[in-house]
Amino acid sequence: MAKPHLTAEQTVASGIRLLEALSAAPGQTLAVGGACELLACTNAELEQIVDTLSKLSSRSSGARAAITIADGRVTLHGDAALIMPRRFSLEEGMVLAHILDVLDLDDETRERIRAAVGPAQGAMSAPGIVEPARYGSCFARLSEAIEDGIRCTMTYRSLTEGAARTRTIDPLEIQEEHGEVYLVAWDIEKDAERRYRLDRVGEVTFTEESVEHHGALSHSASESLRAQGLVARLVLRPGARTFLLDWAGAADIEPHEDGSMAFSLYYSSESWLFDQVLAAAGELELIEPAELRERLVDYGANLRA
Amino acid sequence: MEPDRTDEMEEPELNETALRILNLLFILNSSSVPLTTEEIVSDSDVGYGSPNRASDLKKFKRDREKLAERGINVKEIRPAGAAQTEESLWTIDRSSTYAALGAISRDDADALLRAVDECLSRQDIPFRRALVDIRQRLAAMTSSAEAGDAVAGEQTTASPAADTLWSAFALHRRVRIAYVDARGLETQRVLAIWGIFMQHGHIYYVGLDDQSGQVRTFRGDRITRAWRPTGSYTVPARFNVRDYLFLPFDIGSGMATKVTFSLPIEIEATEVRALTKERGELVRDEQKKRWLWTIKAGDVDAAARFGLAHAQSGMRPVSPAKIVNAWNACIDKAVTLHG
């Protein structure tokens with residue numbers, strides 16, 4: 001076995017983490033595998049850390065740290081080396097601040113968390129880390145409803161609606177696909193599974209009812225689009241931007257000899273489909289159905305600025 | 001295991017240092033009363049007690065600083081009215097060191113846990129290691145078996161160098177990287193990471209690059225290796241990494257053009273933020289019941305295509321004439337093809 005070679009800082013950091021974890025664990029004992037996972041170290045490195053900790057002693061009080069590895073478990077004996085959980089460090093506070101920002105947890109919750117466990121010095125802030133907003137403002141409430149099985153009402157504006165409308169839903173899960181975050185839920189009025197983009201959800205209210213079991217569900221954007229049954233056949237011109245084929249509803253891709261590519265596209269909103277064809281500025285041709293082509297021409301004419 | 005942040009030391013010295021720092025924590029934590037300076041620096045069991053008292057006092061100071069880096073704050077107590085010559089007492093500052101047990105409610109802990117788990121379910125996060133630590137420490141704070149569960153799913157970081165790059169950023173230390181560009185050319189450079197952003201499933205590191213002397217953006221999965229971070233730096237106050245979130249019309253030849261789009265005022269603010277990436281200037285025009293978004297476009301045609309792709313959200317070009325013309329030209333090309 002390779003001899004472990006931890007630096008002083010690694011030994012100190014891991015030693016404190018191990019004492020903290022053992023203090024919190026039932027019976028002050030952890031499986032060796034769990035301890036290694038916790039410290040991201042090898043068995044040999046864990047032995048080195050335990051060996052160091054077992055040498056801790058206080059001359060004035062006579063106390064000693066008793067920590068052993070036996071029968072696949074690492075165990076802290078007695079009370080002398082118990083330590084309380086530390087507050088989060090500035091680095092951990094920075095990560096926490098970022099995820100609370102991105103998931104848009106409310107200010108009161110955020111402040112309570114900061115006061116209870118945030119770093120003592122400095123604000124809990126995340127300068128220098130960003131990502132596009134996409135979780136909306138209801139992630140915390142919806143994820144709570146999913147975990148607790150609560151039926152909800154929510155306001156939501158779909159692509160085909162000018163204003164938000166209230167829906168009653170059984171929330172099922174939150175999914176991320178193609179850079180967007182969706183709530184997958186059962187729409188009670190439609191009696192069907194629907195996907196809702198989280199940044200379009202306006203307000204969520206818990207009802208007094210629990211969610212019901214709705215049988216086997218589709219679990220991806222492409223399956224959900226196929227289930228709706230709207231499909232068009234398109235051709236991407238040679239040399240066009242092929243990232244268009246990354247759309248969740250793209251299927252049956254057929255390359256042609258001239259470099260063009262025909263494909264089917266399952267879609268949920270006709271206006272979305274038309275917008276993508278128009279935005280492609282002639283690089284993308286809608287082949288069929290023919291009536292959709294006709295409607296595209298009218299739609300485009302009305303969209304001229 | 002955390003990335004190595006110290007210079008190499010001989011093993012005996014290394015073990016002595018680690019043991020002494022941990023022992024200082026142990027004696028202060030296990031003592032029911034504050035300890036005097038003398039009790040600490042004369043204790044050979046702890047690792048002080050050498051014939052050179054001045055040296056032991058310096059070690060004691062350094063060790064307190066090392067514990068502070070780990071969030072353990074040792075405070076000095078001088079009783080009121082104590083003479084200058086009277087020695088200090090030392091104890092762990094519990095309020096700044098330890099979490100306020102019971103102060104975090106079950107609901108808040110659950111909300112935090114769900115947020116952590118959501119982020120852990122993603123691949124494009126540069127701070128996975130820190131999140132796993134947070135999750136496990138939440139378990140310690142709440143005695144929650146659920147929080148203490150092993151993290152489900154893929155455990156690998158976004159790139160082999162991700163943990164080292166994260167440490168370099170969090171500690172503001174320069175880091176040497178090996179980077180393979182889009183043409184497959186590998187270079188080595190030293191980077192002071194000023195900011196990190198995640199977009200389209202990738203992690204991007206923005207920072208001062210020693211090779212070009214300019215602020216550059218590096219995609220995480222193209223960084224094949226990162227060496228041990230060394231040397232500190234300061235991020236300029238004017239720097240805002242949000243400016244680097246990219247839009248598909250950022251790059252173009254020639255001067256950028258300021259273009260303005262409108263959006264219906266009924267759109268949720270969260271949707272507007274997602275669409276605009278919070279870049280440019282967003283104004284709420286109450287009179288005309290619309291949002292006005294003004295943004296620099298390096299490629300006006302690409303900006304028109306971007307706007308058209310979001311027309312179903314009510315996005316429309318407003319000014320200058322160049323963007324309106326580009327918008328109409330896109331439509332005309334598509335309509336002609338289908339006419």
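Predicted model: local features only at pLDDT ≥ 70, side-chain atom pairs only at ≥ 80, totals over all residues.

Analyst: Residues are numbered from 1 along each chain as its sequence is written, with chains lettered from A and ligands numbered from 1 in the order in which they are written.

User: Why is R200(A) called buried?

Analyst: A residue is buried if 20 or more other C-beta atoms, placed from the backbone, lie within 10 Å of its own, exposed if 12 or fewer, and partly exposed in between. R200(A) has 22 C-beta neighbours inside 10 Å and therefore counts as buried.

User: With which residues is R200(A) in contact, leaving aside its neighbours within four places in sequence?

Analyst: They are Y156(A), R157(A), E268(B) and E271(B); contact requires C-beta atoms, placed from the backbone, within 7 Å.

User: How many residues does each chain bring to the contact?

Analyst: Chain A brings 95 residues and chain B 96. Helix α1 (residues 11-30) of chain B gives the most to its side, with 13 residues; helices are DSSP runs of H or I with at least four residues, and strands are runs of E with at least two.

User: What makes β11(A) and β12(A) a pair?

Analyst: Strands pair if DSSP finds at least two bridges between them. β11(A) and β12(A) have four bridges, in the antiparallel sense, and so meet that condition. E254(A) stands opposite A262(A) in β12(A).

Key: Contact = placed C-beta atoms within 7 Å.
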